[in-house]
Amino acid sequence: MPRSFIAGVGRYVPEQVLTNEDLKRYMDTSDEWIQERTGIRERHFADRTSETTTTMGVKAAQMALDRAGLTAQEIDFIVFATLSPDYYFPGCGVLVQRELKMREVGALDVRNQCSGFLYALSVADQFIKTGMYRNILVIGSEKHSFGLDMSTRGRNVSVIFGDGAGAVVLKPTEADGHGILSTHLHSDGESAELLAMFNPGTHANHWTRENPVADFDEAEIAGMFMSHEMIDKAQNFPFMDGQAVFKKAVAKFPEVINEALAANGLVASDIDMLIPHQANLRISQMIQKLMRLPDNKVYNNIQRYGNTTAASIPIALCEAWEEGKINSGNLVCLAAFGSGFTWASSLIRW
Ligand code: COA
């Protein structure tokens, strides 16, 4: 059975930079608060009208294709991970297919938030292992800036997130011990509401309200998808219980990394480069400590980009590779945790 390997990596971050100081124009916050709690110094925001989640993803994809020595027409399947799609539906995958003038290949959107890229990578890996497809484009992209409450009311969430995109091209290899060794995916829906954007949605308060929907009239029910009241109450913005997320993340990251190591008969000291999803520098530092890894074996760039959700791992992977920190034969570990809760890991022999 073939394994898949990463034949090309690409990234795109929009030009506009917002420092912590810049955020003070919109909300009551401080550089000191943000850096102390998250490590973030600045983030990039997409141009409001000329850039979308898809257009950024396309730019990252083009770079990954060029580095893989492939044209878009040679791609057999697209997997696109995002929580900030251009449209409620259809997904961004088909827009990539259109933009890159690809053949009428399958296009799958993955909605696993911060773990989205690893879920997407895992899906692509299985298709290559079974021989169904040869060349797969995997993209993670986010335009968070369009969906954040930039007032003081939303500051606990909005200072964390930034825009950007990353992509990889997967191809099959028969080379022994090389490529994606394994992927590991998990979820625990008990905490679904602790990090979520509820509206617009079809939930009709089903999960949170004791009264059945039958108690409401038609107009009220229609307003449950999207209403002025929701907007007035900022219910169309992400909600996060930061402390609960933090606690669970620092437990699940090491667990899923150790699961991947055990599955391959390896130990933490075998890792050459750990790329954690860039959720919060303090979370990454705790994982590093718990895994007993030295500074040069953990890659972080959240200081410059904030949390770019599905894009954070491919952007970091791409930068680490460009900086010569990932070389042939290296053991690379990718790990993520986020909304759902979902968490995931992958080990790759580069
Ligand atoms: N600037 C200044 N003050 C802020 C602020 C901001 N951007 N955001 C919140 N505050 C204030 C709060 O209003 C609160 O004030 P109060 O004590 O007067 O009520 C105080 O800071 C503490 O707020 P709290 O939410 O308890 O802070 P925290 O120490 O838990 O840090 C996070 C908040 C979000 C940084 C932290 O919980 C975290 O990083 N969690 C993990 C989040 C994460 O990784 N999410 C992505 C998942 S993939």
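## Exercises on pockets and ligand shell

**Exercise 1.** State how many residues line the largest pocket, and which of them lie nearest its centre.

*Solution.* The lining of the largest pocket comprises 46 residues, and Leu83, Arg111, Met197, Asn199 and Pro200 are those nearest the centre. Strands S9 (195–196) and S10 (239–240) are the elements that contribute two or more residues to this lining. Helices (H or I, at least four residues) and strands (E, at least two) are DSSP runs, numbered from the N terminus. A pocket here is an open set of points on a 1 Å grid over the protein atoms alone, where a 1.4 Å probe fits and protein lies on both sides within 12 Å along at least five of seven lines, while a lining residue has an atom within 4 Å of a point. The model is a predicted one, in which local features need pLDDT of at least 70 and side-chain atom pairs pLDDT 80 or more, whereas totals for chains, interfaces and linings use all residues. Residues are numbered from 1 along each chain as its sequence is written, and side-chain values use heavy atoms, with hydrogens and water left out.

**Exercise 2.** Give the volume and the residue classes of the largest pocket, and then describe the second largest pocket in the corresponding terms.

*Solution.* The volume of the largest pocket is about 1,500 Å³, a volume being the space filled by probe spheres set on points joined across faces, edges and corners. Its lining divides into 21 nonpolar, 19 polar and 6 charged residues, where Ala, Val, Leu, Ile, Met, Phe, Trp, Tyr, Cys and Pro count as nonpolar, Asp, Glu, Lys and Arg as charged, and the others, Gly among them, as polar. The second largest pocket holds about 570 Å³ of space, and its lining has 11 nonpolar, 9 polar and 6 charged residues. Of the 26 residues lining the second largest pocket, Asn199, Met230, Lys233, Ala234 and Gln235 lie nearest its centre. Helix H6 (155–158) supplies the largest share of that lining, 3 residues, and H6, helix H8 (228–232) and S10 each supply at least two.

**Exercise 3.** Examine the backbone at Asn199, Pro200 and Ala234.

*Solution.* The peptide bond from Asn199 to Pro200 is cis, with omega near 0 degrees, and Pro200 lies in the loop between S9 and helix H7 (218–222). Ala234, found in the loop between H8 and S10, has a positive phi of about 60 degrees although it is not a glycine. A cis bond also joins Phe89 and Pro90, with omega about 0 degrees; Pro90 sits in the loop between strand S4 (77–81) and helix H4 (92–99).

**Exercise 4.** Characterise the shell around the ligand and the polar contacts made there.

*Solution.* The ligand is surrounded by 22 residues, the closest being Thr29, Arg37, Gly242, Gln243 and Asn280; a residue is near if one of its heavy atoms lies within 4 Å. By class, this shell has 11 nonpolar, 9 polar and 2 charged residues. For polar contacts (pairs of N or O atoms within 3.5 Å), begin with Thr29, whose polar side-chain atom lies 2.7 Å from a nitrogen atom of the ligand. A polar side-chain atom of Trp33 is 3.2 Å from an oxygen atom of the ligand, and for an N or O atom in the side chain of Asn280 the distance to a ligand oxygen atom is 2.5 Å. Taken alone the ligand exposes 960 Å², of which the protein buries 71%, with accessible areas from the Shrake-Rupley method and a 1.4 Å probe. Helices H2 (31–38), H6 and H9 (242–263) and strand S12 (331–338) each give two or more residues to the shell, and the largest share, 4 residues, comes from H9.

Methods
A polar contact is a pair of N or O atoms within 3.5 Å; within protein, one must be able to donate a hydrogen and the other to accept it, and residues adjacent in sequence count only if both atoms are side-chain atoms.
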